[in-house]
Amino acid sequence: MEERFNESVTYVEDAETTTLLVDNGLAEEVASALKEIGFNHFSDVTVVDYLEEEEFELIYHLWSHGAHARLMLKTRIPRSDAAMKSFTPIWRSAHMHERECHEMFGIDFIGHTELTPLLLEDWEGIPPLRKDFDSRKYVLEKFYGGERE
Amino acid sequence: MNEMSLRRLLQPFKLFRNLTKKPMTLVFPQEALPPVDNYRGRQFLDPEKCVGCGMCSRVCPNDAVTMVEYMDKKCPEINLGKCCFCALCAENCPTGALYMTSEVFIAGYDKSFAVYGPEKLSKKEGA
Amino acid sequence: MTTDIPFFTIPFGPCHPSSGHFHASVTVDGERVVNLVPDPGYLHRGFEKLMEYRTYLQNSPLVDRICILDPFAAELGYVNAAEKVLEIEAPERGKFIRTIMAEFGRILSHITWIGVTCMVVGLDSGCKIAWGDREPIIRINEKVTGGRIYPCYFLPGGVRRDLPEGFTGMVEEALSGLEKNLEQYDFLVFNNETFRVRMEDIGFLDAEDAIRLGATGPNLRAAGVEADLRKDQPYEVYDQLEFNVVTQDKGDAFARDMCRRLEIEESMNIIRDAIHKLPEGDYKNKAFKPFSKAKKKETYFCCESARGEQCYHMVGDGTDKPYRVKVRGPSFSHTLDEFPYLAKKAYIADIPAIYWSLDPCPADVDR
């Protein structure tokens, strides 16, 4: 697999995990290639919000039942225009995870059919898991009138 | 489709032997479970040993412990309404002045009842 | 048959005794289910945001509360991920104690599952007997950790206190009592004619569909796939213990039930083996202080809970609070992907049976 993507994919391996760092544009091709090799179980998609660098880092966790191997696929997208191609056509189980990431971070997944709120109801405000949302301040103002009891 | 046999149909009736056994429940409060030592119930403070370091207050995950003036030094005051009884305060006390007892019957009519100052913490009430 | 009568939507709602705290809108045509839309969110407490404001030590009582039916597995995952980020190791005795308590948590979760499934299907005696069988294990929990249901016992670097005296005797008594009671479950529940008629031949999930929809744990093993994280990627001391991986072939609801019933016996073997091999020594690593700082690392750790794969993604940034923690509960894919897929071909009366054969924990879905 390294032959196809040699220049644009960085391969990092340490004692515990193997990571692939990919550019935003190539992520989908790399993901399809990984599915063909045998990574058939999609565990999770995580988003880490780097406020100073103004980027979101998307991390996909994959597992192969046949080879008992785990892999992390990382890519970065800009914070102001957060959009990413959806991986639902490749792995069906990515559907609900991406929906949750959209709700909690505000990332738009292009090609996803159902980006509606999953866990929160009637939430108006910025997506709550971003780093510029202070949940302690919000709770104090809304429920306690600004003072600790 | 499974074959219905009379034997399999009547099998659950073997449970009737449970009628002769002692029930698993206890009639509370006449028969209560015996208290276990090391149980994480209410805290108990020994004010003589407390040095006022504030470690219990810094380690509490819910901010339930505040330090107040008592006997010329600072001692902890615990708000049991916020406490989750995890015993991190008792474990990290350097002198052993704060430890957990097995008292669990803490109830009152007012929210202010739940705030246990140093004086109330140092009294052991009857079981 | 198409008529002018529109389809009717009923809630399989959060106040229903057979759904836990989970809501699904079921669209029915007569007795057949046409569509099922899951609607989680009643138990969302915001753990991921809460964990960013607390240190690594203060998070360990918090993690119990993610899924109360199997708290030891949630704690085990958190503690191992935190150890990797803080770069400390737990001693051998600490790891053995953690493995023993994790297996007790698995047995407790499976017994609770038997109780609730019986109650939902209508077999109320099974529920009451199962709740009584939990009691010896809860008393062991109380003696060892100090709390009946919420253990708050694991710590990055080991466990909080050592095992009490008389632990081995208590464990033998509890396990032999449980073995005698397992026969009761066999003739009351698993060989019971009515229970089998309700559970067999519904909710078929074959291996290909299970992997495609993201199933893990007993749901996947009941379809014939031998996938168990304790053997595939051993953590703690599972590589030193001997046990078998339980699989079934058929893939229907009853196969999933049998898978869990046989896993109780395997867990008992693991506990006996681990107690036999328990070493002496320290039970915790003294290098972990209440305000220890993490390194700038990130890690992903998966452990096998009673329901499937419980994973933690942790990012450390050099301070004493984690920068980001993501928890993946095992029931996330089970209730949101597999349950709608299996319920589409079923009758209304089969819905609770299918739902509980997947062993969901709504708290895992929402966290």
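## Contacts and folds in a predicted three-chain model

In this predicted model, 21 residues of chain B are in contact with 21 residues of chain C. On the side of chain B that touches chain C, the elements giving two or more residues are α1 (6–10) and α3 (88–91) of chain B. By class, this side of chain B holds 13 nonpolar, four polar and four charged residues.

Two pairs of chains touch, and the pair with the most contacts is that of chains A and C. Here the contact takes 24 residues from chain A and 30 residues from chain C. Several elements of chain C each supply at least two residues to the side facing chain A: the helices α1 (47–50), α8 (207–212) and α12 (331–343), together with the strands β6 (298–304), β7 (309–315) and β8 (324–328). The residues on this side of chain C divide into 11 nonpolar, 11 charged and eight polar. Chains A and B, by contrast, do not touch, and their nearest C-alpha atoms lie 11 Å apart.

The table sets out the class make-up of the two sides described above.

### Chain A and its helix α2

Chain A contains three helices and seven strands. From the N terminus on, its elements run β-β-α-β-β-β-β-α-β-α. Of the 149 residues in chain A, 30% are buried. Among the contacts in chain A between residues at least 6 apart in sequence, 51% join residues at least 24 apart.

The mean pLDDT of chain A is 81, and 87% of the residues score at least 70. Within chain A, confidence is lowest in strand β1 (residues 10–13), with a mean of 66, and highest in β3(A), at 88.

Helix α2 of chain A spans residues 94–105 and has 12 residues. From its first C-alpha to its last it reaches 16 Å, close to the 16 Å expected at 1.5 Å a residue. Is α2(A) largely enclosed by the rest of the structure, or largely open? Because 10 of its 12 residues are buried, α2(A) is largely enclosed by the rest of the structure. The buried residues are Ala94(A), His95(A), Met96(A), His97(A), Glu98(A), Arg99(A), Glu100(A), Cys101(A), His102(A) and Glu103(A). What covers them includes β3 (41–50) and β7 (108–110) of chain A, together with α12 of chain C. The helix α12(C) is also among the elements that supply at least two residues to the side of chain C touching chain A. Just after α2(A), Gly106(A) takes a positive phi of about 85°.

### Chain B

The secondary structure of chain B comprises four helices and five strands. Read along the sequence, these elements follow the pattern α-β-α-β-β-α-β-β-α. Chain B has 127 residues, of which 24% count as buried. Of the contacts in chain B with a separation of 6 or more, 66% are between residues 24 or more positions apart.

### Strand pairing in chain C

Strands of a sheet pair through backbone hydrogen bonds, either parallel or antiparallel. Chain C has an open sheet of three strands in the order β1-β2-β3, with antiparallel pairing. Its edge strands are β1 (8–12) and β3 (32–39) of chain C, each of which pairs on one side only. From one strand to the next, the twist averages 25°. Strand β2(C), residues 23–29, pairs with β3(C) in the antiparallel sense over seven bridges. In this pairing, Val28(C) has Val33(C) in β3(C) as its bridge partner.

A further antiparallel pair in chain C consists of β6(C) and β7(C), which are joined by seven bridges. Here Glu304(C) has Glu309(C) in β7(C) as its bridge partner. The two strands form a hairpin with four residues between them, and Gly308(C) in the turn has a positive phi of about 155°. How much of β6(C) is buried? Six of the seven residues of β6(C) are buried, and the strand is thus mostly covered. Both β6(C) and β7(C) also supply at least two residues each to the side of chain C that touches chain A.

Notes:
Residues numbered from 1 in each chain as written. Chains lettered and ligands numbered in written order. Predicted model: local features only at pLDDT ≥ 70, side-chain atom pairs only at ≥ 80, totals over all residues. Pairing = 2+ DSSP bridges. Axes fitted to C-alpha atoms, helices over the stretch in contact; angles between N-to-C directions. Contact = placed C-beta atoms within 7 Å. Nonpolar A, V, L, I, M, F, W, Y, C, P; charged D, E, K, R; others polar. Expected span 1.5 Å × (residues − 1). Buried ≥ 20, exposed ≤ 12 C-beta atoms within 10 Å, placed from the backbone. pLDDT = per-residue confidence, 0-100.
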